Amino acid sequence: MSSTPTTPQNPETGTARVKRGMAEQLKGGVIMDVVTPEEAKIAEDAGAVAVMALERVPADIRKDGGVARMSDPDMIDGIIDAVSIPVMAKSRIGHFVEAQVLQSLGVDYIDESEVLTPADEVNHSDKWAFTTPFVCGATNLGEALRRIAEGAAMIRSKGEAGTGNVVEAVRHLRQIKAEIAKLRGCDNNELFAAAKELRAPYELVKEVAELGKLPVVLFSAGGVATPADAALMRQLGAEGVFVGSGIFKSGDPAKRAAAIVKATTFYDDPKVIADVSRNLGEAMVGINCDTLPEAERYANRGW
Amino acid sequence: MSTPTIGVLALQGDVREHLTALAESDALARPVRRPEELDEVDGLVIPGGESTTMSKLAVVFGMLEPLRAFVRAGKPVYGTCAGMIMVADKLLDAREDQETLGGIDMIVRRNAFGRQNESFEAAIDVTGIPGGPVEGVFIRAPWVESVGGAVEVLATYNGHTVAVRQGNVLATSFHPELTGDHRVHHLFVDMVRNTL
């Protein structure tokens with residue numbers, strides 16, 4: 001031991017690298033919405049890489065109506081105590097005090113989420129001000145880059161939460177991928193106009209054009225209800241999936257959760273997806289997104 | 001000099017970063033998810049990720065025993081963070097049913113450095129890595145609580161062991177794959193090359 005080198009004592013917390021790096025560790029995984037410590041344990045048992053602690057799953061927020069807010073700290077504490085995997089929690093868009101509270105509770109990631117009722121119709125929270133990293137939703141590349149400019153360390157395509165309908169998740173992910181592909185084809189002269197068109201900082205636009213991907217991890221969310229849905233989002237380019245109401249609003253949550261985890265890992269192997277899709281019981285009923293009134297479309301919240 | 005083929009266990013985690021780091025360290029790198037893919041590689045990296053998830057998927061998809069056999073056969077393995085947990089003989093602060101491959105006679109404490117708010121970066125001197133300290137990126141990182149006599153401690157941080165080697169098995173609490181500095185991957189590629 002005596003010959004072992006010792007190291008400088010200058011740790012730096014909350015850097016962009018540890019925030020974005022945390023999301024890199026979640027890749028290939030499934031993040032599940034849970035509302036109780038018991039559900040969190042079921043999710044962990046099924047192989048979730050993280051859980052999202054919230055008071056009501058999006059399907060219930062839709063049903064109940066009213067203002068949806070950050071969860072009770074007691075409930076979040078209970079979930080943190082119940083599992084050893086990372087715990088995320090949602091703040092309202094622009095409600096930086098809810099985010100401060102979540103940081104003080106020690107959650108591992110904050111989702112500044114359109115599923116909750118926005119607190120500010122102009123400004124999102126300044127996410128650079130926090131040690132805890134943030135994930136934000138996006139329906140297109142410009143929106144994703146505006147969130148990254150505000151400090152988001154992870155992006156999820158929004159989809160339409162609480163519908164059990166994957167159509168909007170597909171639309172948003174395809175939109176983001178198509179806009180990235182278009183940037184790849186731009187020469188340096190065109191990138192300035194592209195940044196203006198995307199309403200995003202030029203430096204980030206240039207970085208995406210060079211990388212051919214976002215500078216942070218991209219997951220998909222909002223409407224995944226089956227193992228095949230999860231695999232679809234992976235094949236379309238999502239690096240992992242969030243599953244909300246799809247698990248605990250189904251007939252056999254434990255079994256469906258485990259099946260979605262397996263299909264997310266073997267997303268390109270139809271035999272595995274077929275195997276895990278057998279006898280899962282009832283899927284959540286689901287909502288046709290084209291019958292949703294504009295005011296009930298969560299994806300329109302945030303800008 | 002031959003070019004080794006090195007797999008990255010691709011059940012979950014930061015697989016792509018390891019594939020890139022290995023490719024830039026003169027190895028052929030490929031993802032490994034199935035037992036037959038394991039047969040085709042000379043060495044294996046177990047990436048960062050969520051160790052409980054990785055362990056469960058290894059059990060469900062019949063990878064656990066082939067991976068254990070790979071380690072027993074003396075094939076080189078390098079684990080980062082969750083990968084360090086996977087090559088530990090014993091764990092603390094883990095679920096009772098969490099399986100590991102073993103390979104290093106050590107006890108590893110999960111999330112020992114704390115939750116994400118405590119995740120940090122610091123310069124780390126590593127025995128056997130010339131050219132000054134490496135950039136240590138620690139994310140909900142484990143540390144090594146204690147080691148057996150055959151284990152070489154390669155680095156410590158604040159008195160906690162964060163890099164170890166026993167025979168052909170290497171492990172770090174931190175994530176060199178998240179930095180542009182591939183010296184630890186070079187060391188591992190050399191370890192693999194020496195077995196060919």
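The side chains of Glu177(B) and His18(B) are joined by a polar contact of 3.4 Å. Keep in mind that this is a predicted model, so every distance here comes from predicted coordinates. Glu177(B) is also one of three residues that UniProt, in an unreviewed entry, lists under "active site", along with Cys81(B) and His175(B).

**The trio in chain B**

- The three listed residues, Cys81(B), His175(B) and Glu177(B), come from an unreviewed UniProt entry.
- They span 97 residues in sequence, but no two of their C-alpha atoms are more than 10.9 Å apart, so they gather at one spot.
- Out of this set, Cys81(B) is part of the lining of the second largest cavity.
- Where does His175(B) sit? You'll find His175(B) in the loop between β12 (169-172) and α6 (183-193) of chain B.
- Glu177(B) has its place in the loop between β12 and α6 of chain B, too.
- Is His175(B) buried or exposed? His175(B) is buried, because its relative accessible area is 0%, and the cut-off for buried is under 20%.
- Glu177(B) is buried as well, with a relative accessible area of 4%.

**Who the trio touches**

- Leaving out neighbours within four places in sequence, His175(B) is in contact with Asp14(B), Gly48(B), Thr80(B), Cys81(B), Val137(B) and Ile139(B), and also with Gln25(A) from the other chain.
- Not counting residues up to four places away in sequence, Glu177(B) touches Asp14(B), Glu17(B), His18(B), Gly48(B), Thr80(B) and His185(B), plus Gln25(A).

**Lys90 in chain A**

- Chain A has an "active site" listing of its own: UniProt gives Lys90(A), again in an unreviewed entry.
- Lys90(A) lies in strand β4 (residues 87-92) of chain A.
- At 8% relative accessibility, Lys90(A) counts as buried.
- Which side chain does Lys90(A) meet in a polar contact? The partner is Asp111(A), at 2.9 Å.
- Apart from neighbours within four places in sequence, the contacts of Lys90(A) include Met52(A), Leu54(A), Met70(A), Ser113(A) and Val115(A).
- The unreviewed UniProt entry also marks residues 16-221 of chain A as "domain: PdxS/SNZ N-terminal".
- Over that stretch, residues 16-221 of chain A, the chain is 47% helix and 16% strand, and the end C-alpha atoms are 23 Å apart.

**A glycine to find in chain A**

- Gly29(A) lies in the loop between α1 (16-26) and β2 (30-34) of chain A.
- It counts as buried, at 3% relative accessibility.
- Gly29(A) and Ala50(A) are 21 residues apart along the chain, while their C-alpha atoms are separated by 8.3 Å.
- Among the residues that Gly29(A) touches are Val49(A), Phe219(A) and Glu239(A), and one from the other chain, Gln12(B).

**Two positive phi angles in chain B**

- Asp93(B) has a positive phi of about 60°, although it is not a glycine.
- Asp93(B) is in the loop between β5 (88-92) and β6 (104-109) of chain B, and is partly exposed at 48% relative accessible area.
- Asn111(B) isn't a glycine either, and has a positive phi of about 45°.
- Asn111(B) is in the loop between β6 and β7 (120-124) of chain B, and counts as partly exposed at 25% relative accessibility.

**Where the two chains meet**

- The contact takes in 52 residues from chain A and 48 residues from chain B.
- Between them, chain A and chain B bury about 3,900 Å², with 49% of it on carbon and sulfur atoms.
- How many salt bridges cross the interface of chain A and chain B? There are 10 salt bridges.
- One salt bridge joins the side chains of Arg34(B) and Asp269(A), at 2.9 Å from N to O.
- There are also 31 residue pairs in polar contact across the interface.
- On the side of chain A that touches chain B, the elements giving two or more residues are β1 (12-13), α1, α2 (37-46) and α12 (253-265).
- The largest share of that side, eight residues, comes from α1(A).

Methods: Residues numbered from 1 in each chain as written. Chains lettered and ligands numbered in written order. Predicted model: local features only at pLDDT ≥ 70, side-chain atom pairs only at ≥ 80, totals over all residues. Heavy atoms only, no water. UniProt positions renumbered as here; feature names shortened; annotations may be inferred. 1 Å grid on protein atoms, 1.4 Å probe; cavity = no way out; pocket = protein on both sides within 12 Å on 5 of 7 lines; lining within 4 Å. Helix = DSSP H or I, 4+ residues; strand = E, 2+ residues; numbered from the N terminus. Buried < 20%, exposed > 50% of the residue type's maximum accessible area, 1.4 Å probe, protein only. Contact = heavy atoms within 4.5 Å. Polar contact = N/O pair within 3.5 Å; in protein donor to acceptor, adjacent residues only side chain to side chain. Buried area = accessible area lost by both parts, 1.4 Å probe. Salt bridge = Lys/Arg side-chain N within 4 Å of Asp/Glu carboxyl O.
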